[in-house]
Amino acid sequence: MATITKKSNPRINVGATPWGNAHGLQYTLQTASNGGAFGADTGAAIASGDKVRLGVIPAGSTLLDSQTIVSTAMTAAVVGDLGFEYVDGVDSTAVPQDADYFGAGLALNATGRLRNATTNPPVTLPKDAWLVLTTGGAANAKASRVDVVLTVASEGTA
């Protein structure tokens with residue numbers, strides 16, 4: 001029987017602290033009674049098919065996991081795809097943009113914690129990217145709150 005030793009990955013030890021380089025990034029989407037997002041560039045209700053940019057994921061972040069916490073549900077039938085697209089609008093061949101990297105058809109119309117159940121491998125973003133929620137199913141017409149917590153490792157860019 002053979003003994004197989006995997007060659008070390010120098011990225012694993014990146015970080016200036018003894019507890020490592022993994023951390024959580026929190027993004028909050030809170031809506032008013034009309035269904036529009038607080039703190040957004042428009043107060044209009046979020047319609048089915050709208051793309052909501054929740055915030056920037058920094059370049060050099062390795063995407064490890066996500067959790068979507070729906071503490072106050074959106075309108076019945078509202079679902080969402082959660083992914084990323086690059087801030088500069090230019091795709092990357094090494095790490096292509098992915099509209100549902102963290103999940104597709106997430107039930108935003110019921111309270112709960114939605115864990116990332118995709119089989120996507122971890123990727124390191126070569127540049128800043130928007131965390132994007134694309135809604136579907138129905139327009140939101142009520143006050144709601146959805147928090148997304150990304151678990152990332154700060155690896156830096158090449």
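Arg113 is exposed, with a relative accessible area of 59%, where exposed means over 50% relative accessible area, buried under 20% and partly exposed in between, as computed with a 1.4 Å probe on protein chains only. The structure is a predicted model, in which local features need pLDDT of at least 70 and side-chain atom pairs count only at pLDDT 80 or more, whereas totals for chains, interfaces and linings use all residues. Residues are numbered from 1 along each chain as its sequence is written, and side-chain values use heavy atoms, with hydrogens and water left out.

Arg113 belongs to strand S6, a strand being a DSSP run of E with at least two residues, while a helix is a run of H or I with at least four, and both are numbered from the N terminus. When neighbours within four places in sequence are left aside, Arg113 is in contact with Gln67, Thr68 and Ile69, contact meaning heavy atoms within 4.5 Å. The C-alpha atoms of Arg113 and Ile69 lie 4.5 Å apart in space, although the two residues are 44 residues apart in sequence. Not counting residues up to four places away in sequence, Thr68 touches Leu82, Leu106, Leu108, Gly112, Arg113, Leu114, Val146, Asp147 and Val148.

The chain as a whole contains 0 helices and 9 strands, and from the N terminus on its elements run β-β-β-β-β-β-β-β-β. Of its 158 residues, 37% count as buried. Among contacts between residues at least 6 apart in sequence, 81% join residues that are at least 24 apart.

Strands of a sheet pair through backbone hydrogen bonds, either parallel or antiparallel. In this model, 4 strands form an open sheet in the order S2-S8-S4-S5, with antiparallel pairing, two strands being paired if DSSP finds at least two bridges between them. The edge strands are S2 (51–57) and S5 (98–107), each of which pairs on one side only. Neighbouring strands of this sheet are turned by 20 degrees against each other on average, direction ignored, the axes being lines fitted to C-alpha atoms, for helices over the stretch in contact, and angles running from 0 to 180 degrees between N-to-C directions. Strand S2 and strand S8 (residues 129–136) pair in the antiparallel sense over 6 bridges, and within this pairing the bridge partner of Arg53 is Val132 in S8.

Leaving aside neighbours within four places in sequence, Tyr101 is in contact with several residues, among them Leu63, Leu82, Phe84, Asn116, Thr118 and Val123. Tyr101 and Leu63 are 38 residues apart in sequence, and their C-alpha atoms are 9.6 Å apart in space.

The largest pocket has a volume of about 340 Å³. A pocket is here an open set of points on a 1 Å grid over the protein atoms alone, where a 1.4 Å probe fits, with protein on both sides within 12 Å along at least five of seven lines, and its lining residues have an atom within 4 Å of a point. Of the 17 lining residues, the closest to the pocket centre are Ala37, Ala40, Asp41, Val52 and Arg53. Strand S1 (22–31) and S2 each supply at least two residues of this lining, and the largest share, 4 residues, comes from S2.

Ala77, in the loop between S3 and strand S4 (79–86), has a positive phi of about 80 degrees although it is not a glycine. Most residues other than glycine have a negative phi, and most peptide bonds are trans. Ala77 is partly exposed, with a relative accessible area of 41%. Ala117 is placed in the loop between strand S6 (112–115) and strand S7 (123–124), and at 72% relative accessibility it counts as exposed. The C-alpha atoms of Ala117 and Phe102, which are 15 residues apart along the chain, are separated by 7.6 Å. Lys127 is found in the loop between S7 and S8, where its C-alpha atom is separated by 6.7 Å from that of Gly60, a residue 67 residues apart along the chain.

Note on methods
Points joined across faces, edges and corners; volume = space filled by probe spheres on them.
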